[in-house]
Structure formats: structure tokens, C-alpha cells
Amino acid sequence: MWFSHLLAAALLLHSIAAEGFVRATTDKDAGYPEQKMYWTSTDIRWKLSKGGYSRMKQEEILDAMTRSFKRWSEAPCHRVNFVYGGLTDERIATFNRKDLESNENSVMFIEKGWNNREYFGAIAITSQYYNAFNGEIVGSDIEFNAEDYTFASSGKLTEFDPTRTPMDLENTAVHEIGHLLGLAHSLTPAATMYGQANPNETIKRDLHIDDILGVCAIYGDDAVLNTPKSGGCSLAPDAGSSHGGGFAALLLAILLARRFLLKSRA
Ligand SMILES: [Zn+2]
């Protein structure tokens, strides 16, 4: 009870101060009204790519990812649970618009070919597939850039190739899961959802009050799911999307947004 009052007061202050967490919004340039993004499911199932990561054992990755998901599901107002669904054959972020049920929310490490894509230098990317009519997130994939960075879990960052930058897996994962849930980059430098990270950084492993306010604004008891709001961060719609009529329009209205974490310039 006390928490919901505190939360309501804090959310009010947030709206007055106009800084801190930012909810992800749909791309208004795609021809639909801008909507806040959210999941309607209370159980989000995620899978780990069979491709794994050559520098970590699957169990080690699974432990770090499980801890990372738990950070968010433990937020005091949170209604979303994460369920581990096992291994998947998926090796790169993909979404099948023709068979919605077949889609999986996958966690993947890209060790080769990252820089052939348009996300040069990003530490990790979360792809969001969403219904442009209402902002509902229908799928999400998290990819770690293991070509330019070396990821490790707790205390294992001592052995790495000096030509690549060491990054704490959990620090990165907790940030990306915030995107998966529907948060964009926070304006608060100490927040998990701040858009830059340093090598060996671990501060993002633990949620800042700003991150808790953000997730509670989406999934708390007083959450307003999809009131259009201005602002948010830039989105990258799928270049191949277009709009038709009827059922086809619904499928084609599933668009893609990608958000990423960058290395600090310091
Ligand atoms: Zn980010």
C-alpha cells in the first residue's frame, strides 16, 4: 500500500521534472498514431540460442540471464514473470509475420558478421516487434555483439583478447531486458536504462529507482498502457513494411523497433 502511494507521488514528480525514465513509443512516422509500447502477457517466455557463445558455458550464460530477468520481475509493482523456455535454433533476430505463434523471444551472441549490419559498435541490440495500432509488443530478441566485445559473468573479466573490449554480461543484459519490457533510454546517468556503458561496468546490474519507476509506469496497478505521448527515442521501422487492408493490414502493422547500448566515449 505504502509503495503504491510512494510510486504515485514519484511518478507525479517524474512528469513535472521531465527527466528520468522514458517509455518506448511506436514510430509515428510509420503512419500510425504514436503509442506507448507494452506487453499484455503476464508470462514472457524467453529462449537461449543453441549457437551459444564460445567464451562462456551455456550454464554460465543461463545463470547470468536468469539473474538479469529476475532483477526486473522483482520490482515491487511488477506483474510480468519471465519463463525460461529452453534452447532455440534461432541465431539472429527474426520475426515471422505469417505465423505469429512460431515466434520466440531469443537471446543470442553474434560472434561474426555484426559489423556487416547497420549497428556498428553497439554493445547489444534489442529488437521489438509491435502492433503499430496499439503499441502491444508481440515479440522481442536480444543480440549481444560478441564480435567487438568480450562478455563475461562475475569475476571472469580477467581473461580476454586485448583487441576487444570486456563487458559484463549481466550489466548489459539487465539494460536490454529493460528495452524488451518497453523502456527507452533514461536521462538519468546512474540508471540501468541510461544509453551508454563502460568496459567492466556493473552498475546496471541493479535497478535504480528511476528504472523501477519506469517499469511500474508500464506494469504497475495504475499503469496507463497506451496513451499517446510525445518524445521517446528514435525507432528504426522495418524498411519492407507497408500497409494494406483487413487481416493483412494487422499483420503488416507489426513493425520493428531496435534499441541499443553504446560504449561510453570517456
Ligand atoms: Zn539501450
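Good morning. All 13 of the 13 residues of helix α3, residues 169-181, are buried, so the helix is largely enclosed by the rest of the structure. Buried means that 20 or more other C-beta atoms, placed from the backbone, lie within 10 Å of a residue's own. Helices are DSSP runs of H or I with at least four residues, strands are runs of E with at least two, and both are numbered from the N terminus.

This is a predicted model, in which local features need pLDDT of at least 70, side-chain atom pairs count only at pLDDT 80 or more, and totals for chains, interfaces and linings use all residues. Residues are numbered from 1 along each chain as its sequence is written.

After α3 comes G182, with a positive phi near 115°.

I turn now to strand β4. 8 of the 8 residues of β4, residues 124-131, are buried, so this strand too is largely enclosed by the rest of the structure. One side carries A124, T126, Q128 and Y130, the other I125, S127, Y129 and N131, and both faces are covered. Strand β5, residues 137-145, runs antiparallel to β4 and is joined to it by 7 bridges; pairing requires at least two DSSP bridges. In this hairpin, 5 residues lie between the strands, and G135 takes a positive phi near 85°.

Which residue of β5 stands opposite A124? That residue is F144. Leaving aside neighbours within four places in sequence, A124 is in contact (C-beta atoms, placed from the backbone, within 7 Å) with residues including F144, T172, E176 and F260.

Definitions and conventions
Buried ≥ 20, exposed ≤ 12 C-beta atoms within 10 Å, placed from the backbone. Contact = placed C-beta atoms within 7 Å.
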